[in-house]
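Dear colleague,

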Amino acid sequence: MVHLSDMAFPPLKNDLIIRAAFGEVVERVPVWIMRQAGRYLPEFREERKKHDFFTICQTPELACEVTLQPIRRFDLDAAIIFSDILVIPQALGMEVLMKTGIGPVFPEPLVHPADMDKLDANVDVSTKLKYVYEAITLTRQKLEGKVPLIGFSGAPYTLMGYMIEGGGSKTMSKAKKWLYTQPEASHKLLKLLTKVIIAYLIEQVAAGAQLLQVFESSAEHLGPALFEKYSLPYLEEIAAGVKQGITERGLGDVPLIVFAKGAYHSISKLSYAGYNVVGLDWTVDPNIARDFCHIAVQGNLDPCALYSPKEDLIEKTTEMVRQFGVRNYIANLGHGIYPDMDPESVRTFVDTVHSVSEEIMKK
Ligand code: CP3
C-alpha cells in the first residue's frame, strides 16, 4: 500500500531494515550504527571545524550532508537523521550548549520544581522544530531511496535527567533525588515531555522519517522499580500515541525501536510496550535476549570491539550474528561509536554482518 508520506519521495530500493523490524523474512541482516554520523569520520570533523554543533542541527543542508557521509562510505542499511535528543529541552525554552571535550551544558538547569514554570509547556513543536523536519525531508530526497531514514527522540526520563543535571552525569543523583522526593513534580515533567515527544515524532514521520528510535539512554540509572514507575509507562504512551497519530494522519505504519540502555531487567516488558523492535545494549547476552523477547531485536556488539584487530572483529561480529540468528534481527553496536575509532572498523563490521548472514540464509 502506498502511503501519503511515500508519494513525494523516490522509491525505496533497500527496505531490509523495515521488513526485519516488522518481523518479515529478509535476504540478509540489515545493519546500522548508533552515532554513525560523527567525529570518527574525518569529513564530519571538517564540517565541525566550520560550524557549531547546533548550527549543523539547525541548518537542513548541513544536517543532510553529515547524515549522508557514512552512507557514502559504507554499505549501511539505514541512515539516521543528524540531530540531537537535546533539541526538545531547547524547544521548551532551555539553553543548551555543546562544549568541545565536555559535551552538552545547560547554563540554567531545573533546580526546583518551580523552575518548570519557566518551560514553554504549550510549545508548538510543529513550528519550533521545523528545522528538523526540513532536514528529514531534504535528506529523504537526497538519499534517492538508497536506504530508509531513521528519525529519533530522547525518551522522557533521559531528557528530564539532562534538564536537571545540566549535562551528563555519572550518577544522575540530582534527577533521581527528584524521583524520590518530588514524585508529583517528576510525573508532571515526564508527562509534559511525553506530550511533546509524541507530537515531535509524528511530525518527523510526516516529514519523511521511515523508522523511529526512542533513546532511553539513562535507563541504566534506574533499577527495575524506578524504571517501571518513571520510564516504562511513558515509553508505552509514546508508542501508542505515535502509532495512533500517524494512522490518523494517513501516514501508514512506521516501525518503532526502543533503546533503553541498561534496562536488561525489563527486556520482556519492553517487548510488550508497543514497539516493533527492542534495542539491546552490549551487556545483554543474545541468548537471554531471545528468551525474554518475542519481537525483533537490535544490537549489540560492544562498541569497544571496534578497537580489535580486523580478524578478531570479524570473529566477534560473526559470533554475534550466529547467536542472534538471522530472523527478527537488526545488527548494530550496543551503544554509539566513539570518536577515536577507525572508520575501517565500521566497514569490517558492516560487511561481516552482510556476508555472514547471507551465508547462513543460503544453507
Ligand atoms: O549518527 C547518529 O547517531 C545521529 C546523531 C545523534 C547525535 N546524538 C549526534 C551527536 C544521535 C542519535 C544523538 C542522540 C543522543 N544525544 C543521545 C542518545 C544516544 C546515546 O548516545 O545514548 C544522547 C544521550 C545525546 C546527548 C549528547 N549529545 C551527549 C551526551 C553528547 C556528548 C557526547 C559526545 O559524544 O560528545 C552529545 C553530542 C553529540 N551528539 C555529538 C554528535 C555527533 C558530538 C558532538 C560534537 O560533534 O562536538
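Helix H2 (42–50) and strand S3 (103–105) are the elements that give two or more residues to the shell around the ligand. Helices (H or I, at least four residues) and strands (E, at least two) are DSSP runs, numbered from the N terminus.

Please note that this is a predicted model, in which local features need pLDDT of at least 70 and side-chain atom pairs count only at pLDDT 80 or more, while totals for chains, interfaces and linings use all residues. Residues are numbered from 1 along each chain as its sequence is written, and side-chain values use heavy atoms, with hydrogens and water left out.

**Ligand surroundings**

Of the 22 residues around the ligand (a heavy atom within 4 Å), those that come nearest are Arg35, Arg39, Arg48, Ser217 and His335. Oxygen atoms of the ligand lie 2.6 Å from a polar side-chain atom of Arg48 and 2.7 Å from a polar side-chain atom of His335. For Arg35, a backbone N or O atom lies 2.7 Å from an oxygen atom of the ligand. On its own the ligand has 870 Å² of accessible area (Shrake-Rupley method, 1.4 Å probe), and the protein covers 88% of this.

**Backbone features**

Most residues other than glycine have a negative phi, and most peptide bonds are trans. Arg35, in the loop between helix H1 (16–21) and H2, is not a glycine but has a positive phi of about 65 degrees. Arg35 counts as exposed because its relative accessibility is 56%, where exposed means over 50%, buried under 20% and partly exposed in between (1.4 Å probe, protein chains only). Met172 also has a positive phi, near 55 degrees, yet is buried at 4% relative accessible area. The peptide bond from Gly299 to Asn300 is cis, with omega near -15 degrees; Asn300 is found in strand S8 (residues 296–301).

**A buried threonine**

Thr158, in helix H8 (residues 156–165), has 0% relative accessibility and therefore counts as buried. Leaving aside neighbours within four places in sequence, Thr158 is in contact (heavy atoms within 4.5 Å) with Ile85, Phe215, Glu216, Ser217 and Ser218.

Yours sincerely

Note on methods
A polar contact is a pair of N or O atoms within 3.5 Å; within protein, one must be able to donate a hydrogen and the other to accept it, and residues adjacent in sequence count only if both atoms are side-chain atoms.
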